Amino acid sequence: SVDLNNIRIVTKGGGTIDDSEILANGLILNQGVARGSSGPTRVANAKVALIQFQLSPPKTDVENSVVVSDYAAMDRILREERQYLLSMVKKIKNSGCTVLLVQKSILRDAVTDLSLHFLAKTKIMCVTDIERDEVEFISRSLGCVPIAGIDSFSADKLATVELVEEVSLGNHKMVKITGIGGAQQPVAEPAPPPVDAPAGGIEKATGKTLGVSAATPVGDGRPGKLGRTVSILVRGSNNLVLDEAERSLHDALCVVRSLVKKRFLIAGGGAPETELSVALAQYAKELSGMQAYCVKAYASALEIIPYTLAENAGLNPIEIVTELRKRHAEGQKDAGINVRKGTVTGIVEENVLMPLFVITSALSLATECVRMILKIDDVVLTR
């Protein structure tokens, strides 16, 4: 199966769609590098740590307060804060960490100017304001666990990557992590063919073969190693283009997920719905009574799909559906609505295909919904 939660889409304005890129073994962060006193913005062969604690002095509770009566006490407080932060940075440095990802805090500042100064002096890159909902994806991508406290900070909790750098995209700055070593894994071995897969390969509705073996695993034949997650950076000139590109990408990913679950393709353009409608209408003639009426109504309901498709394409829906029904009754199973030509053609020859899993899921869910509604005997009105 395909878990779409392992695929992260990041949109950023500026540029064109052609500037978009995919990081199969990397990570893209919306945040830029926290600016200290000339801290590093590019680190090669980095050791990355994802922390959930703050690099700032502890604060008192809301009900408590600290009263400073003289300058000596104030100087002592500042000296203690400096020593507190310095000891934390030294422990981070001694572990071998060179890049620090800090989760966003709502209780107090995640970092301070003084802690950023110490990190810059020790050549540690710091990226702040990591959102809470991003922590799980980043942890899964890097192959490391989030560190909850400075006491549990150790070298075995660091991730190894080839390069961490800050890149400029128009007026925005982002952090790109490439060559994740901790998340690399070999390409999976070829999976066994599905139980219902024929030996000839993926079958179309016409019985023809696409020439792709049904036993071919997803990702087979790709060189190198793949990461546990994938990040996609989408570029666009404005928010409208970015939203449309993100929606199109999500639809394409859902199609791939459907093909992985059930590796069969059938004709699109309303062809499967019309073929089912014609077959059920003929079967209804062999029945009698209530069963014949239900099957006939089911067949009529299936014609709504090609009717709506023709209507949305600006065609005459009655004429198109009638012609479509005639073609399928004559045995042309791959006849579908060709939106570009504005007529009914052999849709397989136009390479208009859809996953079989989509149509089977839609039919099963619609049937279950109707059966559930028919089980309702009465409706009790309440105020």
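**Exercise 1. Find which residues of helix 5 meet helix 8.**

Solution. Helices are DSSP runs (H or I, at least four residues), numbered from the N terminus. Contact means heavy atoms within 4.5 Å. On the helix 5 side, take Ala271, Thr274, Glu275 and Val278. They meet Leu324, Arg325, His328 and Ala329 in helix 8.

This is a predicted model, where local features need pLDDT of at least 70, side-chain atom pairs count only at pLDDT 80 or more, and totals for chains, interfaces and linings use all residues. Residues are numbered from 1 along each chain as its sequence is written, and side-chain values use heavy atoms, with hydrogens and water left out.

**Exercise 2. Describe how helix 5 and helix 8 pack.**

Solution. Axes are lines fitted to C-alpha atoms, for helices over the stretch in contact, and angles run from 0 to 180 degrees between N-to-C directions. The cut-offs are under 35 degrees for roughly parallel, over 145 for roughly antiparallel, 65 to 115 for roughly perpendicular, and oblique for the rest.

**Exercise 3. Classify the pair helix 5 and helix 6.**

Solution. Helix 6 covers residues 290-302. Its axis and that of helix 5 come within 8 Å and cross at roughly 160°. The two helices are therefore roughly antiparallel. Helix 5 contributes Leu276, Leu280 and Tyr283, among others, to the contact. Helix 6 contributes residues including Val295, Tyr298 and Leu302.

**Exercise 4. Locate the salt bridge between Arg42 and Glu165.**

Solution. Apply the rule: a side-chain nitrogen of Lys or Arg within 4 Å of a carboxyl oxygen of Asp or Glu. The count comes to eleven salt bridges. Arg42 and Glu165 meet at 3.7 Å, N to O. Now place them on strands (DSSP E runs of at least two residues). Arg42 is in strand 4 (residues 42-51), and Glu165 is in strand 7 (residues 159-169). The pair links distant parts of the chain, 123 residues apart.
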